Amino acid sequence: MATFKYHLLICGGTGCKASDSDGIITSLNKEIKEKGLENDVKVVTTGCFGFCEKGPIVKVLPDNTFYTQVTPGDAAEIIQEHIIKGRKVERLLYTDPETENHIADSKHMGFYQKQIRIALRNCGFIDPENLDEAISRDAYMALGKALTEMTPQEVIDEIKKSGLRGRGGGGFPTGLKWEFASKNEADQKYVVCNADEGDPGAFMDRSILEGDPHTVLEAMAICGYTMGADKGLIYIRAEYPLAIKRLKIAIDQAREYGLLGKNILGTDFNFDIELRYGAGAFVCGEETALIHSMEGERGEPTFKPPFPAESGYNGKPTNVNNVETFASVPVILLKGADWFSSIGTEKSKGTKVFALAGKINNVGLIEVPMGTTLREVIFEIGGGIKDGKKFKAVQTGGPSGGCLTEKHLDTPIDFDNLIAEGSMMGSGGMIVMDEDDCMVSVAKFYLDFTVEESCGKCTPCRIGNKRLYEILDKITKGEGTMEDLDNLKNLSNVIKDTALCGLGQTSPNPVLSTLDNFWDEYVAHVTDKKCPAGACTDLMNYNIIEENCVGCTACARACPVNCITGERKMPHHIDQAACIKCGTCMEKCKFNAIELI
Amino acid sequence: MAKITSLNDLRKIKDDLQEKIRLRENAESPESMAQIKVGMATSGIASGAKEIFNFLVEELDKRNVSAVVTQTGDMGYSYAEPTIEVTLPGQDPVVFGYVTVDKADEIIEKYIRNGELIEGIIPANYKTIDD
Ligand SMILES: Cc1cc2nc3c(=O)[nH]c(=O)nc-3n(C[C@H](O)[C@H](O)[C@H](O)COP(=O)(O)O)c2cc1C
Ligand code: SF4
Ligand code: SF4
Ligand code: SF4
Ligand code: FES
């Protein structure tokens, strides 16, 4: 057997594949062959490294060199310089946005230093299409331990003791949920994995499934053992073709090795898993709607109780967990509940995966211990705000969450703290906003999403959210009144209290939290008819800067409503009352004489 | 692939497979094991550094000694090529010059395994390669 001197890990996640990581693999393999290095260098396609924005990523081991934005054309240089001559290819190294220094290896990147990877432990480390690699990293070992050395109740107790809470949004204690499902007697029970991931901007579940599918399969089987279920279903959105492909490969390989199927590892435990596809409606991520959708009914939520643990899929006891929740389970059984519960805060144990997005330097996927502060996430891991702008707010919990501001930066992130501050953990989306973002528009954006995604079954959500949206729209156009602000608050509270499912119950959160934290900004829109962030174009005026205007008349000739006047070669003037804010004049002016204020 | 029919089977297979990703696992925590850098500038390669590099990687693996072996460019000791730099956990780096296969063998057995100092160390106003 060849002893490889180098492993080249190439990201095969959705993000990097989109920028031709497959082409890089082909070129690297070709170079390696040409140079006769087949026995020295091993090329491995892995899942996501979390640094997608700077992808495609190529990582060289053992020296942890981290190359970003690699193209197939760079393959020859990587092989010639790095592998043959031992010199790093400087121009492909990651550049620290603050110091502008090249950083040689991932161990020294601020992005990775504060992370602890539990759910993502194998993402960007193993080839997700190769069960052998997974096994060498302990895949199915926890299942083996559970089946041969533990009773179902002992497994449940271990999970309970670990303090693991659901990562799908609600934060319900996982061990307790498993216990409910195990206590309900029935001839057939089901384990369901919720891979619907509907929060806009979120991609943690997709990355886990693409990077380490076996961990999810294994955890589902462990759950099946505790509750007495022999059937697992993964509900995944059809827009995740790569995750689906990798799951299918993983299920086939696990069956072939006898790790799924009958008499697993020589015991009398049977378990098998099938995929179910969702059409990608946000509400279908809600567990009752998800179950109805799998049954072939309309994907609409129904009132709980009965909880799925009692009457779920086909009316049978069903346990629904999120992808990331499952991904934490095998490690807990192998390393122990005490190890897991030593990480995190008093009531939120372990780690959480977040998708960082928005106006932040290091856009990407991260996993940090619960209790990490927003400041550490945004400024140390995230590398701070883009273009040296000022931090304004961060939205956590997606459309169900709220925004947090400067004064929350040192709050340790966990389930309870985020709720106490008027937001929530949600599935882990984190959208960072800077001084140019208008908070009224942000609230409007989320309400627009909610109105679009509401299933329409109950009135508060169907009509109430539409009204919220309309009021916000009015405010951004400068037509709002102080009474509208009162109405926003009252209506939000009514919707929260009366909507049928979690979607409606949480949809006013973005409105309430922006009202709370950015009241002055709302008032400025209403009373001064101004958008302090300069984002609401309806509240802006086009203005000609006299000193810059040479009187070329280009703007006046282009204005569709003829509201620009002025003598040739003299400064021009816009009649604000007549201007329809089409922006044409600004486009036409070649002298930077027209501004938007 | 035959089916895996017991936890012990699975453990055995895992142990066999683990070798294949040991290089990757070691790279996860390089600070906890010996780190060896082989000088691979033109002068190093001409004087046989490649051979030393291959010998180290293969032998460390065979002898089950955890270490991370990388190549590096010029180490600034061209008169003493091939040179290698060894950093044991928690210690300052030490550079060996005129390394032959026999010397490399001795470095593995004595210095890396037991921390015994041996001849061939290039002393003095040392600066690390990456500084
Ligand atoms: C509108 C809405 C959307 C949801 N979307 C998801 C989702 O995409 N993925 C998910 O795991 N849970 C989602 N949930 C939460 C699920 O209902 C359920 O609580 C979760 O899957 C349970 O798993 P956990 O305990 O492991 O978190 C959603 C809930 C609501 C109300
Ligand atoms: S709250 Fe909205 S999404 Fe939920 S059931 Fe009512 S209408 Fe449907
Ligand atoms: S196009 Fe610009 S420079 Fe010309 S008249 Fe208009 S504002 Fe003045
Ligand atoms: S924005 Fe449009 S309407 Fe207003 S002055 Fe410019 S060209 Fe005329
Ligand atoms: S997809 Fe490649 S780093 Fe995320």
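This briefing describes the fold of chain A and its interface with chain B. The model is predicted: local features need pLDDT of at least 70, side-chain atom pairs count only at pLDDT 80 or more, and totals for chains, interfaces and linings use all residues. Residues are numbered from 1 along each chain as its sequence is written, and chains are lettered from A in the order in which they are written.

**Fold of chain A**
- Chain A contains 24 helices and 19 strands, which are DSSP runs (helices: H or I, at least four residues; strands: E, at least two) numbered from the N terminus.
- The C-alpha atoms of chain A occupy a box of roughly 90 × 65 × 40 Å along the principal axes.
- Among the contacts in chain A with a separation of 6 or more, 69% join residues 24 or more positions apart; a contact means heavy atoms within 4.5 Å.

**Burial and charge in chain A**
- Of the 597 residues of chain A, 59% are buried, meaning under 20% relative accessible area with a 1.4 Å probe, protein chains only.
- Chain A carries 65 positive and 85 negative side chains, where Lys and Arg count as positive, Asp and Glu as negative, and His and the chain ends are not counted.

**Interface between chains A and B**
- In this interface, 36 residues of chain B are in contact with 43 residues of chain A.
- The two chains bury about 3300 Å² between them, 61% of it on carbon and sulfur atoms; buried area is the accessible area (1.4 Å probe) that two parts lose on being put together, summed over both.
- On the chain B side, B:Leu7, B:Leu23 and B:Arg24 lose the most area to chain A, together 21% of what that side buries.

Notes. Heavy atoms only, no water. Buried < 20%, exposed > 50% of the residue type's maximum accessible area, 1.4 Å probe, protein only. Charge placed at Lys NZ, Arg CZ, Asp CG, Glu CD.
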